[in-house]
Structures are given as C-alpha cells and as structure tokens.
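Visitor: I would like to go through this model by asking about it piece by piece.
Guide: Go ahead; the structure is shown below.

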Amino acid sequence: MRDSPRSPRPVDVDDAGADTVADGTADGGRAAGTRIDAAPEVDAAAGAPGAGIETGIGADPADGDGDAGSRDGGEAGGERPSLDLIAMRAGSIEDYARDRTYFRQPDPSEATRRIAAIPGPLPLPGGIAASSPAAAGSDNHPLADASTAARQNDHRFSAAPATGVPLRPAGDGAAGGDPADDISVTLRNPVDGERSASRTSGGEPAYRPSGPASGPDVGGRDDDAGGLGDREDYERQESDQGDQGDHDRHGVRPLAPAVMHPWTGMPLVPFVVGVAGRAFTEVVPTLLSEPWELPDTAVDSGRLGGVDVRAASVRGLSHRYDSKPRQDAYGLGVDPDGRWLVAVVADGVSSGRLSHYAASLVARQAPRRVADELAKHGYPQDIDWYALFETLGRNVFHNGRRQLASMAPALDVDDIDEATVVEALATTVTILVCETQATQGQREWSVAWLGDSPAWLLGSDGTWTCLSEVKGSGREVASSKVAALPRVPSHKVGIRNNCGTAAEDDIIMIMTDGVGDPLGDATGDVGRFLATAWRTPPDPLTFAAQVGFGRKSFDDDRTAVAVWSVPEPRE
Amino acid sequence: MADQGMLLPFYLVVDVSYSMLGAKLKQASAILPELADALARNPILGDKVRFGVVDFSDDARVVLPLCDVNEQSTLPGLTVRGGTSYGAAFRLLRKQLESDVNQLRADGFKVHRPAAFFLSDGEPTDDDWEQAFEELTRFDKATGTGFKWYPVIVPFGVEAADRDTMRRLLHPKDKSKLYMMAEGANAAAAIKSMAEILISSVLASGQSAVSGGSGLVLPGKGQVPPDIDVDDDWLN
C-alpha cells in the first residue's frame with residue numbers, strides 16, 4: 001500500500017516520467033488501485049497515450065472532510081493551489097453529473113492528452129488529481145487564480161470544469177507510445193460490471209474511476225483509507241455497489257468501454273457567479289406558445305477588419321418559465337467603407353406585449369440607418385442622433401400599430417390610439433460605433449442611447465469604465481420608469497451620447513440591463529467574472545453561456561455585444 | 001454596491017392572544033408552510049421573496065426572521081400567550097424592518113418597499129398604540145424625517161377586531177386595502193381565506209416586479225373569497 005493513501009499524489013505531467021515512475025508504477029501496479037496512482041501509472045507505465053482520461057464533474061461535491069484525500073493530492077505534491085472551479089456550479093454538481101458520460105478516451109494519436117483535473121472539493125472519479133504543470137506552486141499560473149470559473153475560454157482548457165492539462169504521453173520517457181501498447185483503462189461500469197483488462201504492467205486495474213463511492217473517504221470504507229487497490233477490494237466494491245442502474249450512487253456514470261472513440265468534446269457547463277439560485281437550477285425552459293421567430297438564444301461572432309466581435313442574446317429565466325419570448329435583441333452592421341463597426345442592443349420593456357417585436361425591429365434597422373449616416377458624414381460625431389432616434393421611434397410606432405391591428409382583425413389600423421401602441425411596444429436602444437482598425441494603438445468609439453442599456457469599457461488591466469451611465473447610481477429607490485422608444489424625449493439632450501478613444505487592448509461592449517444590473521458598478525463578483533472571462537474573445541457558444549450566467553434573482557433577458565482588437569500577427 | 005438583485009420583503013404580524021387559541025391559531029400557523037409551498041413551486045419568485053413572521057400578545061416576538069422560506073429546514077409554528085398589544089407589535093416591526101432592510105442592503109440587495117400583513121382577532125388592549133403606529137409609518141419624503149423603510153400595512157380583521165380600528169391601520173391609504181371577516185362567517189375559515197389572499201398577493205406582487213411593474217398587488221372586491229369583505233374605497 002502506499003504510504004499515504006489519503007494523499008494521492010498529483011500527476012505532475014511534465015515530470016510524467018520521473019515522478020510517476022518513482023511513484024511506484026515500476027512496481028507494476030502494486031496497490032495500484034488507488035485512484036490517484038492510476039494516473040501516474042496510466043501515464044508512465046505504458047507510455048499511455050491513452051492515459052488521458054477526460055473527466056468532467058464526475059462526483060458529488062463531497063463533504064469537506066472527505067475531500068481531504070483527493071484534494072491533498074493536489075497539494076501534497078508541494079502546496080499546489082486548490083482550484084475551486086467547481087465553486088462556479090455551487091451545489092448542483094450532481095445534476096450535471098447525472099446522465100452525462102464524462103469519460104472519453106482520447107484518440108491515441110493525439111500528441112497531447114488532456115487530463116481533467118478538478119482539484120478542490122471534489123474527489124475525482126477515479127481520483128485523478130492532476131494539476132497543470134505550471135501549477136506546481138506557481139502563482140502565475142492562470143489556474144492559480146481562485147476565481148477561475150471564467151477561465152473556461154482559455155483554449156487550453158475545455159469548457160467543462162475540467163481543466164485540460166497537456167499530458168505528454170509518457171511514451172516520451174517511459175515505455176513506448178505505441179498505440180498497440182495502450183493501456184486500456186479499466187473502468188468500472190456498475191451496469192454490467194464489465195471491466196476491460198488492461199495494463200501493460202501488471203494485471204491490476206490501472207484505474208478505477210468510480211466516483212466518490214470508491215473514494216478513499218466516501219462510502220465509509222475506513223478500513224481502506226485510500227487504496228482500493230486490491231482486486232478483492234475491487235470486487236468487494238462491485239458487490240457493494242450492487243445494482244445502481246446506470247449510475248452509481250453519486251450519480252456518476254462512467255463510460256463502459258475501453259475503446260478509443262474517434263471523437264472528442266465536452267458538454268458545456270453553465271456559468272454561475274455567486275449563488276445560482278433555485279430558478280437557475282430548476283427552471284426548465286418552455287418553448288414559445290407562439291412562433292415569433294425569435295430563438296431562445298442568438299449568437300454571432302467573427303472578425304471585421306481589425307476587430308473581433310462576439311454578440312449574444314439569451315432569453316431570461318422568467319421568460320423561459322412563463323413561455324414568453326426573448327424581449328432583447330442585438331444588431332450588427334458596418335459602414336460601406338468598412339471603417340466603422342455598428343453594434344446595437346435593444347431591451348423591450350417587459351410590460352409591453354409586443355416589446356419583443358419592437359426590440360428586434362430596432363436591432364435590425366438601427367445598424368443600417370447608422371451605416372447610412374456614416375456613409376454621408378464619415379464620422380459618428382457628425383451624426384444627428386436625435387433625428388436618427390426619432391426615425392427609429394416612428395418606425396417602431398407605425399410598424400407596431402400595424403402589428404397590433406393584424407392581431408386584432410376587428411380593429412382598423414387607425415382605430416388603435418397612440419396610448420395603446422406605446423403601452424404595447426416599448427424598447428430601449430443603445431448604439432455603439434467603433435473603428436475597425438486602430439491607428440497608433442487607439443480606436444475611436446461613439447455611443448448613443450435611450451434607456452438603461454449601458455455601454456462599458458473593459459481595460460486590459462481588468463478595470464471597468466462606464467461609457468454611458470450606471471443605472472440607478474445615487475438613487476436609493478430605483479424608479480421603474482424607463483425612457484424607451486417609440487417615445488422620444490422632447491429635447492435633444494434626452495438622447496444621450498458620448499464618444500472617445502480607447503486603447504487597442506481595451507474591450508468595448510454594450511449590453512442590456514439583464515447583464516448591466518448584475519454588473520452594477522462593476523466592482524463586484526460579476527465584474528471580476530466578466531473581466532476574467534473576456535480577457536480574450538471566447539468561442540461564441542461559451543460567450544453566450546457567459547452572458548447567460550446564473551445568479552440568484554437575476555432572471556431578465558441578457559444581451560451583450562463585445563468588441564476586441566485582433567492582435568497584430570507577430571512576424 | 002448593490003449587485004445581488006432586488007428582493008421583496010413581506011411580514012406577517014399575527015395576534016397570538018389567548019382568544020386565538022384553537023382553530024384560528026391552527027389556520028394562522030398554516031400560513032407559513034402554505035406560502036413556502038407556493039414559493040417552492042415558483043422558483044423565479046422564490047428567489048426574490050423574503051418572508052418574516054412576528055407575533056404579538058402582551059409583547060411581540062420574532063417568530064421567523066426575514067428569510068428565504070425555502071432555505072429553512074424547519075418552519076416555526078405559533079403559540080398563544082396573553083393579551084393584545086398593538087403597540088408592541090408596531091414597535092417590534094419597526095425595529096425588525098430597520099435591521100432587516102439595512103442588513104439586506106448591506107448585503108448588496110435592492111429592497112422593494114416592505115409589506116406587512118397584520119392579522120388580529122380583537123381590539124387592542126393597550127391605549128397608546130397609535131404612537132407606535134405613527135413611528136412605524138410616518139415618513140416625509142421631502143425632508144426625510146420619519147421612518148424611511150415604512151411598510152405598506154395590510155390589515156386582516158376577524159371576529160372581535162373592530163373595523164374602524166383596523167381601518168386606521170391602513171397605510172398608505174391609496175396603496176393598501178382592508179380585509180375584514182364578513183358578518184356571521186367562521187373565524188378560522190376566514191383566516192384560511194386571508195391566507196389565500198396573502199399568498200396570492202405575494203405571488204402577484206413578485207410577478208409584477210419580475211415583469212417590470214412595482215408596488216404591492218392586492219386582490220380587490222370580487223377577487224376575494226366570500227367570507228371576506230374588502231375595504232378599498234377611501235374618500236376620507
């Protein structure tokens with residue numbers, strides 16, 4: 001048995017050769033069953049290209065004490081930081097562990113393998129407590145930051161809470177990477193109990209990812225504090241588990257076969273900032289009762305000149321619950337010269353029954369109109385924003401009135417009075433114009449807005465600057481009255497606008513208050529989360545998932561458009 | 001910095017004088033679990049509503065501090081003890097509101113105007129309750145004097161509760177309504193009906209807040225069970 005069964009050693013994958021061999025795999029798997037052993041063994045013993053077992057959240061966020069085992073493993077190797085990625089999904093790990101297959105066998109021909117590590121409160125199924133190479137005591141490692149929930153967009157890591165760690169096949173140093181020699185990992189499948197043999201060195205199961213049930217601490221196996229290595233234990237465990245159906249008692253369903261699949265990928269795990277709240281975890285979205293051609297989630301991404309754009313609009317929990325349409329919308333456009341990017345967000349006022357129509361109308365029309373104005377004037381500062389908003393307001397009004405008339409055929413269009421229209425359709429609008437190419441490290445931007453959808457600038461150092469206005473700042477009781485189209489303020493000053501230049505590294509974004517409210521004045525958790533998540537442009541679906549982060553009581557539709565600079569290619 | 005969202009706080013202030021003993025107390029005790037069930041069924045509202053219970057007889061006590069009722073492992077019941085001091089109830093309510101609202105704001109929540117449902121089955125035994133009521137409800141927005149977190153008070157009166165006295169508890173008069181047991185109705189059944197009114201009001205107000213409205217939603221004439229009379233017509 002290993003000396004400290006409760007402290008599985010981390011796989012220091014860069015030292016795969018040295019460490020793990022020394023760990024005892026040379027023994028050919030003595031007490032090999034400790035799950036943690038398995039990793040080094042898998043790694044070293046057979047030059048395991050197949051060693052990379054990618055696991056998602058496989059286990060119960062087990063109790064603090066019990067975690068000592070596997071978490072220590074993360075730390076035993078030398079004060080590795082404990083990474084609470086799981087914190088981002090507070091308390092609901094089981095829901096996600098359930099019905100997910102978390103284990104995938106990577107293609108042995110891949111040059112790097114990824115081991116998913118969830119150091120921290122979760123004992124990994126199979127107990128792999130890998131840590132990334134640089135994490136060994138490094139404070140600079142990105143994962144060392146405790147608030148890493150948003151690191152998901154780092155391309156080295158999968159979107160799941162698993163952090164991918166390049167695992168050099170130990171074939172580099174140890175026994176050959178010949179796929180034929182692949183260690184096939186022994187997975188315990190409680191369904192049919194099949195186990196594939198494996199192991200090039202020794203006949204012991206190299207790895208048993210059976211979740212906390214077989215953890216050193218869970219399941220009351222105090223007779224065997226950490227090493228469930230012996231075959232008897234293994235078998236005893238099998239019978240202990242009994243028939244769990246498709247899941248072991250902690251809801252983990254390991255993949256049965258020891259077969260390499262030709263595919264890879266991980267399910268996306270929703271982001272949560274702080275407490276998720278019951279609504280986020282319990283609400284099951286309902287399809288719309290009427291087809292308004294508005295998808296629950298809309299995403300766009302791509303490059304334009306020297307900028308990289310991500311846009312997402314996500315239906316909020318309350319609308320998902322009530323089977324109402326998404327009342328937010330975004331729009332994108334560019335001026336004919338390609339010099340200016342135009343981005344628009346619109347937030348339909350929830351009390352209006354056609355507000356979603358108003359918002360999507362504005363989001364569609366505004367970019368075109370602004371682009372036309374830019375073609376005429378050349379500079380956003382020269383645009384007559386008031387006239388533009390007036391036009392948008394008129395369009396919302398007339399189209400809205402027609403729409404109402406078509407919904408109530410008995411009424412003539414002219415019979416519908418203004419008050420009815422305004423009551424049924426109302427939307428905020430915020431427009432951003434920014435240069436697609438930076439000159440001398442600076443980009444010009446212009447923002448014009450009516451309503452409470454804010455514009456923010458995120459500096460490369462993570463500090464936030466509001467480019468429009470922070471909602472409700474200074475007021476103790478927030479007024480529920482919002483300025484919104486089709487009503488336009490009687491004075492030009494009612495249409496606010498702002499302009500300036502931003503450094504190339506800064507990120508400019510506009511959003512509706514579904515994101516703006518939880519962001520607040522950007523000094524809280526949400527600000528830190530987004531600053532970390534959006535340091536570099538994430539892939540579009542991750543961006544949408546980040547815009548739709550869970551946070552208790554924030555159930556409004558969420559929309560955000562963010563603009564990054566494309567970094568200059570280095571020669 | 002208010003980054004935790006908006007909450008709607010509600011209180012139930014319930015008379016636990018000796019006269020409540022029996023079926024009436026049982027019905028009053030059932031309000032809390034029923035509300036918890038209703039909020040459990042609607043997680044969107046459940047995340048936004050906070051509920052607290054204060055009981056009063058000769059003195060007043062906090063039965064359940066303002067909280068998310070579905071996060072409580074047990075919900076307390078009510079027991080009777082003595083007379084009927086309205087003053088004690090209002091004093092404690094003011095104290096609770098002050099500390100609860102400030103706590104929530106310190107935690108980063110935006111707090112909606114609180115509402116207090118006041119249930120009594122008899123007349124007050126103390127003479128100076130008006131003073132306590134003043135202190136609880138008076139607020140001058142222009143000068144900022146008074147109690148900033150004054151609640152909307154919704155009185156429920158059964159049995160021996162005096163309609164005119166209860167009417168004086170309405171605050172603010174244009175936002176609140178008075179619910180009295182109808183003549184000849186059964187008091188315990190009336191309390192059960194009032195529980196329904198309370199719960200539907202909490203849910204509707206929560207829903208209104210979600211949909212961008214504001215203010216307390218209270219059922220009016222024609223929307224309440226037959227054994228309750230609604231008073232919402234204020235000409236004076």
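Visitor: How many of the nine residues of helix 12 (residues 525–533) of chain A are buried?
Guide: This is a predicted model, so what follows describes a prediction. The buried residues of helix 12 of chain A include V526(A), G527(A) and F529(A), and L530(A), A531(A), T532(A) and A533(A) are buried too. The helix is largely enclosed by the rest of the structure, because the number of its nine residues that are buried is seven.

Visitor: Which elements of chain A do the buried residues of helix 12 pack against?
Guide: The partners are strands and helices of chain A. The strands are strand 11 (455–458) and strand 12 (464–466). The helices are helix 11 (513–519) and helix 13 (540–547).

Visitor: Is A522(A) buried or exposed?
Guide: A522(A) is found in the loop between helix 11 and helix 12 of chain A. Its phi is positive, about 70°, although A522(A) is not a glycine. Buried means under 20% relative accessible area. At 10% relative accessibility, A522(A) therefore counts as buried.

Visitor: How does S323(A) count by its relative accessibility?
Guide: S323(A) also is not a glycine and has a positive phi, of about 60°. It lies in the loop between helix 7 (317–322) and strand 7 (328–334) of chain A. Because its relative accessibility is 22%, S323(A) counts as partly exposed.

Visitor: Where in chain A does P486(A) lie?
Guide: Most residues other than glycine have a negative phi, and most peptide bonds are trans. The bond from L485(A) to P486(A) is cis, with omega near 5°. P486(A) lies in the loop between strand 12 and strand 13 (496–503) of chain A.

Visitor: What is omega for the peptide bond that joins H171(B) and P172(B)?
Guide: P172(B) is in the loop between helix 6 (163–167) and strand 9 of chain B. The bond that joins H171(B) and P172(B) is cis, and its omega is about -20°.

Visitor: How far apart in space are L178(B) and V154(B), C-alpha to C-alpha?
Guide: L178(B) is in strand 9 (residues 178–181) of chain B, and counts as buried because its relative accessibility is 0%. In sequence, L178(B) and V154(B) are 24 residues apart. In space, their C-alpha atoms are apart by 6.1 Å.

Visitor: Which element gives the most residues to the largest nonpolar core?
Guide: The largest nonpolar core has 53 residues. Those with the most contacts inside it are V14(B), F51(B), F117(B), Y179(B) and L198(B). With 10 residues, the element that gives the most to this core is helix 7 (residues 187–210) of chain B.

Visitor: Which residues does L198(B) touch, not counting those up to four places away in sequence?
Guide: L198(B) is one of the residues with the most contacts inside the largest core. In soluble globular proteins, nonpolar side chains tend to be buried together. The residues touched by L198(B) are L12(B), I31(B), F51(B), F117(B) and F156(B).

Visitor: How many residues does the second, separate core have?
Guide: Among its members are W340(A), A346(A), I416(A) and I495(A). The number of residues in this second core is 36.

Visitor: Which residues is Q27(B) in contact with, leaving aside neighbours within four places in sequence?
Guide: Q27(B) is found in helix 1 (residues 23–29) of chain B. Its relative accessible area is 19%, so Q27(B) is buried. Its contacts are A188(B), I191(B) and K192(B).

Visitor: How much space lies in the largest cavity?
Guide: The count of cavities of 30 Å³ or more comes to three. Residues lining the largest cavity include L12(B), A28(B), S29(B), L32(B) and V53(B). By class, the lining has seven nonpolar, two polar and no charged residues. The space in the largest cavity is about 50 Å³.

Visitor: Over which residues of chain A does pLDDT stay under 50?
Guide: Chain A has a mean pLDDT of 68, and 51% of its residues reach 70 or more. For the stretch in question the model has 534 contacts beyond four places in sequence. In this stretch pLDDT stays under 50, and it covers residues 1–246.

How values were computed: Residues numbered from 1 in each chain as written. Chains lettered and ligands numbered in written order. Predicted model: local features only at pLDDT ≥ 70, side-chain atom pairs only at ≥ 80, totals over all residues. Heavy atoms only, no water. Core = buried A, V, L, I, M, F, W, Y, C linked by side-chain atoms within 4.5 Å. Buried < 20%, exposed > 50% of the residue type's maximum accessible area, 1.4 Å probe, protein only. Helix = DSSP H or I, 4+ residues; strand = E, 2+ residues; numbered from the N terminus. Contact = heavy atoms within 4.5 Å. 1 Å grid on protein atoms, 1.4 Å probe; cavity = no way out; pocket = protein on both sides within 12 Å on 5 of 7 lines; lining within 4 Å. Points joined across faces, edges and corners; volume = space filled by probe spheres on them. Nonpolar A, V, L, I, M, F, W, Y, C, P; charged D, E, K, R; others polar. pLDDT = per-residue confidence, 0-100.
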